[in-house]
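Please look over the sequence and the model, and then go on to the points grouped below.

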Amino acid sequence: MTAPARVLTVAGSDSGGGAGVQADLKTMLALGVHGMSVLTAVTAQNSLGVTGAWELPAEAVRAQFRAVVDDIGVQAVKTGMLSSAALTATVADLLTGLGVPVVVDPVGVSKHGDALLAEDAAGTVRTRLLPLATVATPNLDEVALLTGVVVRDEDGMRAAAEAVLGCGPRWALIKGGHLPGGAEAVDLLSDGVREHWYRAPRHGNRHTHGTGCTLASAIASHLALGREVPEAVGLAKDYVTGALAHGFPLGAGIGPVDHGW
Ligand code: PLP
């Protein structure tokens with residue numbers, strides 16, 4: 001028997017099982033890779049929002065990372081909730097020189113409006129983490145937080161990609177899902193030379209918890225399987241579109257996307 005491709009998520013726990021590390025590991029299972037996790041923070045969370053969040057000590061993050069990387073090895077990494085500037089810097093130190101694709105989901109605020117990153121941490125994400133990214137996957141709110149660029153239409157997504165690429169990732173995937181109106185959810189992938197647009201029909205399903213985590217994990221999984229970035233993004237978008245179409249009610253609020261459809 002040969003070992004499967006191994007993918008590591010460095011992210012926060014969602015006790016409700018819809019986003020964060022739980023969404024990442026479900027995505028990895030569904031895509032046939034071995035998922036591993038370095039927990040950065042624990043959230044008390046359900047379909048209504050986050051009721052508490054606790055960051056893990058830097059030492060615990062480092063120890064998890066070393067345990068996994070030194071023995072099992074990784075073929076791709078995804079980062080999600082990093083909680084603070086200090087922890088973002090710790091993770092950047094760990095990823096420096098790792099030599100495998102890194103997908104950075106620069107998580108800022110949840111759909112419910114709960115802060116998952118300290119207000120003073122955007123600069124550290126920009127200067128320490130984004131330069132290490134093979135692909136950075138900001139949504140439009142995160143583009144504004146990181147670069148100050150406010151996107152109002154599809155054309156504005158080009159300026160967003162340029163601004164994000166200015167922070168140093170190899171590719172920027174600008175997620176236009178929050179753009180008002182339009183029958184399609186549009187994302188733009190750019191490396192400054194090549195441009196790929198991805199379009200999927202918009203759906204009316206309100207159970208969308210965990211979409212960003214799922215997309216970034218799916219990209220990391222396909223990169224670990226040896227695919228090039230544009231193809232990995234296209235396959236990941238297909239996966240999220242399906243999971244989103246099957247998102248289901250859970251609790252009284254916003255339910256999760258479905259990894260088992
Ligand atoms: N909780 C954790 C731990 C997360 O990492 C994220 C997103 O990255 C969320 C919650 C928010 O998920 P959503 O905005 O899809 O509801």
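UniProt lists residues 14–258 in an unreviewed entry as "domain: Pyridoxamine kinase/Phosphomethylpyrimidine kinase"; its positions are given in the numbering used here, feature names are shortened, and annotations may be inferred rather than shown by experiment. The model is a predicted one, in which local features need pLDDT of at least 70 and side-chain atom pairs count only at pLDDT 80 or more, while totals for chains, interfaces and linings use all residues. Residues are numbered from 1 along each chain as its sequence is written.

**Confidence and the listed span**

- The protein averages a pLDDT of 96, and 100% of the residues score at least 70, where pLDDT is the predictor's confidence in each residue, from 0 to 100.
- The scores of the model are ipTM 0.93 and pTM 0.97.
- Residues 14–258 are 39% helix and 20% strand, and the end C-alpha atoms of this span lie 15 Å apart; helices (H or I, at least four residues) and strands (E, at least two) are DSSP runs, numbered from the N terminus.

**The surroundings of the ligand**

- Around the ligand there are 18 residues, of which Gly12, Ala19, Gly20, Ser110 and Lys111 come nearest; a residue is near a molecule if its C-beta atom, placed from the backbone, lies within 6 Å of it.
- Strand S1 (6–14), strand S2 (34–46) and helix H7 (211–224) are the elements that give two or more residues to this shell.
- The shell has six nonpolar, ten polar and two charged residues, with Ala, Val, Leu, Ile, Met, Phe, Trp, Tyr, Cys and Pro counted as nonpolar, Asp, Glu, Lys and Arg as charged, and the others, Gly among them, as polar.
- Lysine 111 has its place in the loop between strand S5 (102–104) and helix H4 (122–129), and it is partly exposed because 16 other C-beta atoms lie within 10 Å; the class runs between buried (20 or more such atoms) and exposed (12 or fewer), with C-beta atoms placed from the backbone.
- Leaving aside neighbours within four places in sequence, lysine 111 is in contact with Thr208, His209 and Ile254, a contact being two C-beta atoms, placed from the backbone, within 7 Å.

**The nonpolar core**

- The largest nonpolar core has 75 residues, and those with the most contacts inside it are Val7, Val91, Ala133, Val164, Ile219 and Ala220; such a core is a set of buried Ala, Val, Leu, Ile, Met, Phe, Trp, Tyr and Cys residues joined through C-beta atoms within 7 Å.
- Alanine 133, apart from its neighbours within four places in sequence, is in contact with Val102, Val103, Val104, Pro169 and Arg170.
- Valine 74, in the loop between helix H2 (58–72) and S4, is buried because 21 other C-beta atoms lie within 10 Å.
- Among the contacts of valine 74, beyond four places in sequence, are Arg6, Val7, Leu8 and Val100.

- Helix H3 (residues 85–95) has Leu87, Thr88, Thr90, Val91, Ala92, Leu94 and Leu95 as its buried residues.
- Serine 83 lies in the loop between strand S4 (76–79) and H3, and although serine 83 is not a glycine, its phi is positive, near 70 degrees.
- Serine 83 counts as buried because 24 C-beta neighbours lie inside 10 Å.
- Just after H3, glycine 97 takes a positive phi of about 80 degrees.
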